[in-house]
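Dear colleague,

Please find below the structure that I am handing over to you. I would be grateful if you read the notes after it with the coordinates open.

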Amino acid sequence: MRITMLGTGTSCGVPFIGCHCPVCLSKDPKDKRWRSSILIEKGETKVVIDTGYEFRLQCLRAGIERLDGVLYTHTHPDHLAGLDDLRAFYREGKSIDVWGSDKNIERIKNIFPYAFKPFSCDGLPHLSPYYALSGIPFRVGEIEFIPFSMIHGCREATGYRFGKCAYVTDVSDLREEENIKYLLGLDVLIIDGLMENSHPSHLSFGEAAEIGKKCGAKKVYFTHISHTMKHEDILEKYKGIAEPSYDTMTLEVDDE
């Protein structure tokens, strides 16, 4: 299974408009962070988690020409606003399956009502919605996902376990007692790590690293990273504990 980090930045992206901090002015390409999203590939199956503002550009950069499904973590614009660009994937003459919690799917329907009409050759995106219910596995092509519900500030978000990997972005409260079981035996944990300081809607680097330690993940990668710390500095500070991911990074994970 291959995972490509399509974007690893926080909601404002990095560099942030009008900001002249050392991170935003950095020449290191690993400090250029589009909004968080990943591509998962296994055999012929291709699945994306979240479609943020740069989704079209992410697809072009990664060479994505077809998709079997899209999973959503929640409905904040930096994870949803690129949904309309899913119109590019209707060349096969059928709608594309999208998954999310019941509340989030209903919110998406309200925001993009035209995307859920019956399929026709009208140039619009056409989506088939499915509920990803916490703890109940579902399959997209060759990949099985286990969704689980978390807290993201004052909103719900969904994490996903697939094979020996888990994607846990936009979380302030993992609900460890009920969800830690989904994070055991991981080769790779990709987890929300916004910055060094605590935040009401996101995990700090230290909090994310601690979750990685508790679940025993072999490798822990931060995502949804802000412009408060350079890639190289995060890498140095958390050496041997966790690493910052970066846009275009690819990970190969063994199947179960």
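This is a predicted model: local features need pLDDT of at least 70, side-chain atom pairs count only at pLDDT 80 or more; totals for chains, interfaces and linings use all residues.

Residues are numbered from 1 along each chain as its sequence is written, and side-chain values use heavy atoms, with hydrogens and water left out.

Seven strands form an open sheet in the order 6-5-4-3-2-1-14, and the pairing is mixed. Helices (H or I, at least four residues) and strands (E, at least two) are DSSP runs, numbered from the N terminus, and two strands pair if DSSP finds at least two bridges between them. The edges are held by strand 6 (127–131) and strand 14 (250–252); each has a single partner strand, so one side of each is left without a neighbour in the sheet. From one strand to the next, the twist averages 20°; for axes, lines are fitted to C-alpha atoms, for helices over the stretch in contact, and angles run from 0 to 180 degrees between N-to-C directions.

Within this sheet, strand 2 pairs with strand 3 (residues 45–49) in the antiparallel sense over five bridges. Ile-40 has Val-47, in strand 3, as its bridge partner. Helix 1 (residues 55–62) packs on the sheet and touches strand 1, strand 2 and strand 3, its direction making about 135° with that of strand 1; contact means heavy atoms within 4.5 Å. Helix 3 (residues 102–111) also packs on the sheet, where it touches strand 5 (96–100) and strand 6, and its direction makes about 155° with that of strand 6.

Cys-59 belongs to helix 1. Cys-59 is buried, with a relative accessible area of 7%; buried means under 20% relative accessible area, exposed over 50%, and partly exposed in between (1.4 Å probe, protein chains only). Leaving aside residues up to four places away in sequence, Cys-59 touches Ile-64 and Phe-89.

Strand 11 (residues 188–192) and strand 12 (residues 219–223) pair in the parallel sense over five bridges, and Ile-191 stands opposite Phe-222 in strand 12.

Most residues other than glycine have a negative phi, and most peptide bonds are trans. The peptide bond from Val-14 to Pro-15, however, is cis, with omega near 5°; Pro-15 lies in the loop between strand 1 (2–7) and strand 2 (37–42). Asp-170 has a positive phi, near 55°, and so does Arg-175, also near 55°. Asp-170 is in the loop between strand 10 (165–168) and helix 4 (176–179), and Arg-175 is found in the loop between strand 10 and helix 4. Asp-170 is buried, with a relative accessible area of 1%, whereas Arg-175 is partly exposed at 29%.

With kind regards
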